[in-house]
Amino acid sequence: MGAMRVIHVTTAELDRLEFDAVRSGEHGRVAAQLQDLANRAEAASEITRAELFVRAGEQWEIAQEYERACSSYQRAIDDGGHTVIDPRALCAGALLQMDEIERAHTHLGRLEKDVPDGLPTYLHIAEVLYAHGDLEGAEWWATSGARSHPEDGGDLFEELLRIRFRIRSDLDLDEDDLDRSI
């Protein structure tokens, strides 16, 4: 058996694969291709191995293959490379889909302790917890993200404030300074 060829993965290649998944509906096939790319990606690739594992996990989730998604997210966690959304947050979401509440909250507890870097992780957690009916948890993550990253501004910050407002409305909480900034 020959050695596995190491490859350089570009943003264009990633975009092409994800577009193919949307066009074809074959998310499982694309997830497997992304995992293969992650396994063969060179360290200097435009897209990190960890991000490729994350993208594979997202495709597995769309295919409703939550165990495979968790496995991909765990590979991203183990890799330790840069990702847009912390893979522990994504893994928690997939675990919630499988009703593995305790395991999901273990990942969220580690994230809370480590303080996630960037709004995408906070937004993802708030959306996932909101979708699973954990309004208090969703409100906490949305508020923490908004308070810890106000300088980020932009569309993502506005999106976080909007979901936070919806959550707080559902919880029947009084308007606060962040609500008034929308």
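Colleague: What do the buried residues of α4 pack against?

Modeller: They pack against α2 (27-40), α3 and α5. Keep in mind that this is a predicted model.

Colleague: Noted. Which residues of α4 are buried?

Modeller: Tyr66, Ala69, Cys70, Ser72, Tyr73 and Ala76. Seen down the axis of α4, these buried residues fall within an arc of 160°, so they line one face of the helix.

Colleague: And what does the face turned away from the buried side of α4 carry?

Modeller: The exposed residues Glu67 and Asp78.

Colleague: How does the span of α4 compare with 1.5 Å a residue?

Modeller: It agrees. The 14 residues of α4 should span 20 Å, and its end C-alpha atoms are 20 Å apart.

Colleague: What comes just after α4?

Modeller: Gly80, with a positive phi of about 80°.

Colleague: Over to α5. How many of its residues are buried?

Modeller: Ten of the eleven, so α5 is largely enclosed by the rest of the structure. The buried residues are Pro87, Arg88, Ala89, Leu90, Cys91, Ala92, Gly93, Ala94, Leu95 and Leu96.

Colleague: What do they pack against?

Modeller: The buried residues of α5 pack against α3, α4, α6 (101-114) and α7.

Colleague: Pick Ala94. Is Ala94 buried or exposed?

Modeller: Ala94 is buried, with a relative accessible area of 0%. The cut-off for buried is under 20%.

Colleague: Which residues is Ala94 in contact with, leaving aside neighbours within four places in sequence?

Modeller: Glu61, Tyr66, Ala69, Cys70 and Tyr73. Tyr66, Ala69, Cys70 and Tyr73 are among the buried residues of α4. Ala94 itself lies in α5.

Colleague: How far is Ala94 from Arg68 in space?

Modeller: 9.4 Å, C-alpha to C-alpha. In sequence Ala94 and Arg68 are 26 residues apart.

Colleague: What does the lining look like by class?

Modeller: Seven nonpolar, four polar and two charged residues.

Colleague: Now the loops. Which residue has a positive phi just after α5?

Modeller: Asp99, at about 60°. Asp99 is not a glycine. It lies in the loop between α5 and α6.

Colleague: Is Asp99 buried or exposed?

Modeller: Exposed, with a relative accessible area of 64%. The cut-off for exposed is over 50%.

Colleague: What about Gln64, what is its phi?

Modeller: Positive, about 60°, and Gln64 is not a glycine either. Gln64 is found in the loop between α3 and α4. It is exposed, with a relative accessible area of 59%.

Colleague: Last stop, α9. How far apart are its end C-alpha atoms?

Modeller: 25 Å. At 1.5 Å a residue, the 17 residues of α9 (residues 154-170) should span 24 Å, which agrees.

Colleague: Which residues of α9 are buried?

Modeller: Phe157, Leu160, Leu161, Ile163, Arg164, Ile167 and Arg168. Seen down the axis of α9, they fall within an arc of 165°, so they line one face of the helix.

Colleague: What covers them?

Modeller: The cover for the buried residues of α9 includes α7 (119-131), α8 (135-148) and α10 (177-180).

Colleague: And Arg162, where is that found?

Modeller: Also in α9. Arg162 is partly exposed, with a relative accessible area of 42%. Arg162 and Asp179 are 17 residues apart in sequence and 8.3 Å apart in space, C-alpha to C-alpha.

Colleague: What follows α9?

Modeller: Asp172, whose phi is positive, near 60°.

How values were computed
Residues numbered from 1 in each chain as written. Predicted model: local features only at pLDDT ≥ 70, side-chain atom pairs only at ≥ 80, totals over all residues. Heavy atoms only, no water. Helix = DSSP H or I, 4+ residues; strand = E, 2+ residues; numbered from the N terminus. Expected span 1.5 Å × (residues − 1). Buried < 20%, exposed > 50% of the residue type's maximum accessible area, 1.4 Å probe, protein only. Arc of directions from axis to C-beta. Contact = heavy atoms within 4.5 Å. Nonpolar A, V, L, I, M, F, W, Y, C, P; charged D, E, K, R; others polar.
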